[in-house]
Amino acid sequence: MNMKKKKDGTQLTVMINGRIDTATAPEADAYINQSLDGVEKLILDFGNVNYVSSAGLRVLLSLHKKMMGKGGMKLIHVCEAVSDVFEVTGFDEILDYEKGE
């Protein structure tokens, strides 16, 4: 997995490429959290994420809770497989996300 970030004022966009699983979730959590100072809106670009494990869901839930008191968090370009995981686990009721093409 690799990630790139782009900050535009108080908005941070993180592009993630690869799987978010037990091995990579701690790295994703640390990478994103180190950049949250002054961020009011967090955008996670899931255009190249095809798998999220329970460890990845924990990271997303933690980020969601942190960003709720600020401007919020949104996932964009979520593939069908990841969207299905959100629906089965009930995360579709918690997370703000848009499906990709």
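**Exercise 1. Where is the place of K5, and which residues is K5 in contact with, leaving aside its neighbours within four places in sequence?**

First, some ground rules: this is a predicted model, where local features need pLDDT of at least 70, side-chain atom pairs count only at pLDDT 80 or more, and totals for chains, interfaces and linings use all residues. Residues are numbered from 1 along each chain as its sequence is written, and side-chain values use heavy atoms, with hydrogens and water left out.

Step 1. Look for contacts, meaning heavy atoms within 4.5 Å. Leaving aside neighbours within four places in sequence, K5 touches L12, T13, V14, M15, Y31, Q34 and S35.

**Exercise 2. Find the buried residues of helix α1 and say what they pack against.**

Step 1. Buried means under 20% relative accessible area, exposed over 50%, partly exposed in between (1.4 Å probe, protein chains only). In α1 (residues 25-33), A25, A28 and I32 are buried.

Step 2. Down the axis of α1, these residues fall within an arc of 60°, so they line one face of the helix. The arc is that of the directions from the helix axis to the C-beta atoms.

Step 3. Their packing partners are β1 (2-8), β2 (11-17), β3 (41-48) and α2 (54-68).

Technical notes:
Helix = DSSP H or I, 4+ residues; strand = E, 2+ residues; numbered from the N terminus.
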